[in-house]
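Dear colleague,

Please find below the structure that I am passing on to you, followed by an account of what was found in it. I would be grateful if you read the two side by side.

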Amino acid sequence: MHSVQVQLAEPYPIVIGHGAMARVGGLARRHLRAGGQAFVITSPTVRRHCWAPLATSLQRAGIAARVVLMPDGEPAKTMATATRLAEELARAGADRGALIVALGGGVVGDVAGFVAAIYMRGVPILQAPTTVVAMLDSAIGGKTGVNLRAGKNLAGAFHQPRAVIADLDLLASLPDRQYRSGLAEALKCGVIADARLFRRMQREAAELRRRAPGPLEAAVTGAAAIKARVVAADEREGGLRRILNFGHTLGHALESATRYRYFLHGEAVGWGMIAAARLAAKCGLLPGAEAERIEHATLALLAPLPPIRVAAAPVLRHARRDKKNAGGVLHFVLPTGIGRVEVLAGPPPEAVREALEETMALSRSGAASGRSRRR
Ligand SMILES: NC(=O)c1ccc[n+]([C@@H]2O[C@H](COP(=O)([O-])OP(=O)(O)OC[C@H]3O[C@@H](n4cnc5c(N)ncnc54)[C@H](O)[C@@H]3O)[C@@H](O)[C@H]2O)c1
Ligand SMILES: [Zn+2]
């Protein structure tokens, strides 16, 4: 079992390990006020797979929690869902002493976090993530929110959890594509800040794909530690937190150019990291051999990846429209070595186009099919 501390004004732990859910009862006890009620916000799918260890732990701590269900999936990440949940809390008599436990992936965590942020102007929340993405990314850092019709995550609040409990046993039921896609964010953390994590993930790619306990625990812990460090240094995304966007400039553009229906987020980020590594090499920031290592590690972990079937022009248009690229100037987080990055505003457009087109060609070449994987 590992524990990583998020060093904010009110520090909180991320507990990571197989069987970590056993800790949730004790943590809930600590954060539940006398007379307060506990609520578990989750989805029917997640409840089916992940409820038992949480129930046991709460029961042992003498906590009778009420389950509040929300639908799963990105379309449910709306203000309407948040309103419905808040109304349900009110009907159940939740007061300021209430405690929320979010059990689920990033969608449940973001919506439940938002509800915790606004209900009675804020009640405490424990995050119990059940996907790779949620364990090493969305449950950490206090960004909560919902989508608007105008775009993703456009309404939200910062609301830090009191603890994050990442029980790796829960990942056993996660569909394979979801699982592998989550590994993209872990590898990203290695590239931006931790060469040892990168090398270990590269070396243990096959074991990681099989969800081998040791390598999985190391990858999730390593990545969560980086997210925790970055968040602690830059809680409100003033500067440093941007480095987490490595692979995301073109990754987001690929998702949005395909209307969020074709790639899983991590898959688009996988292509985005490969393109960014190639761009860094073209800009003379990164030796070509290092760019190749990033590419090979990404494919070794993620393949088969869906090929890119849109043209470069619309992808670049979507990138320029992204709210993170103010004024149409593309911002790229580019590696200058493994474990080090810098932010580059407005790299040469031809270099960007070339890097993207090469990545597209690679995606259609069969190299990403998972059959001819190299190390
Ligand atoms: N707040 C942040 O800082 C932050 C960071 C990254 C991503 N996000 C958000 O996270 C969301 C994506 O999260 P996600 O990738 O976890 O997707 P998700 O929450 O949609 O979960 C993916 C699917 O897996 C299922 N599932 C979850 N856990 C399971 C388990 N243990 N076994 C079987 N099935 C399980 C869910 O029912 C769902 O169908 C996006 O909305 C994104 O915006 C937020
Ligand atoms: Zn991401």
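A residue is called buried here when its relative accessible area is under 20%, exposed when it is over 50%, and partly exposed in between. By that rule Val164 is buried, because its relative accessible area is 0%. Please note that this is a predicted model, and that the values below are computed from it.

Val164 belongs to strand 9, which runs over residues 163–167. Its C-alpha atom is separated by 21 Å from that of Ser181, a residue 17 positions away along the chain.

The ligand site

Ligand 1 is surrounded by 25 residues, of which Asp72, Glu74, Thr130, Thr131 and Ser173 are the closest. By class, this shell consists of seven nonpolar, 10 polar and eight charged residues. Four elements each contribute at least two residues to the shell: helix 2 (44–60), helix 4 (106–118), helix 5 (132–138) and strand 8 (151–158). Helix 2 provides the largest share, with four residues.

In the first, an oxygen atom of ligand 1 is 2.4 Å from an N or O atom in the side chain of Asp72. In another, an oxygen atom of ligand 1 lies 2.8 Å from an N or O atom in the side chain of Lys77. The backbone takes part as well: a polar backbone atom of Lys143 is 2.9 Å from a nitrogen atom of the ligand. Of the 870 Å² of accessible area that ligand 1 has on its own, the protein covers 85%.

In soluble globular proteins, nonpolar side chains tend to be buried together. In this model the largest nonpolar core comprises 84 residues, and Ile14, Trp271 and Val315 have the most contacts inside it. Helix 11 (residues 265–282) is the element that gives the most to this core, namely 10 residues.

Buried residues and their partners

Thr144 is part of strand 7, residues 143–148. Its relative accessibility is 11%, so Thr144 counts as buried. A polar atom of the Thr144 side chain lies 2.8 Å from the backbone oxygen of Ala157.

Leu187 is located in helix 6, residues 176–193. With a relative accessibility of 1%, Leu187 counts as buried. Although Leu187 and Ile294 are 107 residues apart along the chain, their C-alpha atoms are separated by 8.9 Å.

Ala223 is found in helix 9, which spans residues 213–233. Its relative accessibility is 0%, and Ala223 therefore counts as buried. Between Ala223 and Cys189 there are 5.4 Å from C-alpha to C-alpha, and the two are 34 residues apart in sequence.

Pro314 and Leu254 are 60 residues apart in sequence, while their C-alpha atoms are 8.9 Å apart in space.

Backbone geometry in the loops

The peptide bond that joins Ala303 and Pro304 is cis, with omega at about 0°. Pro304 lies in the loop that connects helix 12 (288–302) to helix 13.

Met120 has a phi near 50°, which is a positive value in a residue other than glycine. Met120 is situated in the loop between helix 4 and strand 6 (125–129). Is Met120 buried, partly exposed or exposed? Its relative accessible area is 36%, so Met120 is partly exposed.

For Arg259, phi is likewise positive in a residue other than glycine, with a value near 55°. Arg259 sits in the loop between helix 10 (248–257) and helix 11. At 60% relative accessibility, Arg259 counts as exposed.

With kind regards

Note on methods:
Residues are numbered from 1 along each chain as its sequence is written. Chains are lettered from A and ligands numbered from 1 in the order in which they are written. This is a predicted model: local features need pLDDT of at least 70, side-chain atom pairs count only at pLDDT 80 or more; totals for chains, interfaces and linings use all residues. Side-chain values use heavy atoms; hydrogens and water are left out. A residue is near a molecule or strand if one of its heavy atoms lies within 4 Å of it. A polar contact is a pair of N or O atoms within 3.5 Å; within protein, one must be able to donate a hydrogen and the other to accept it, and residues adjacent in sequence count only if both atoms are side-chain atoms. Accessible areas come from the Shrake-Rupley method with a 1.4 Å probe; for residues, only the protein chains shown count as cover. Ala, Val, Leu, Ile, Met, Phe, Trp, Tyr, Cys and Pro count as nonpolar, Asp, Glu, Lys and Arg as charged, and the others, Gly among them, as polar. A nonpolar core is a set of buried Ala, Val, Leu, Ile, Met, Phe, Trp, Tyr and Cys residues joined through side-chain atoms within 4.5 Å. Buried means under 20% relative accessible area, exposed over 50%, partly exposed in between (1.4 Å probe, protein chains only).
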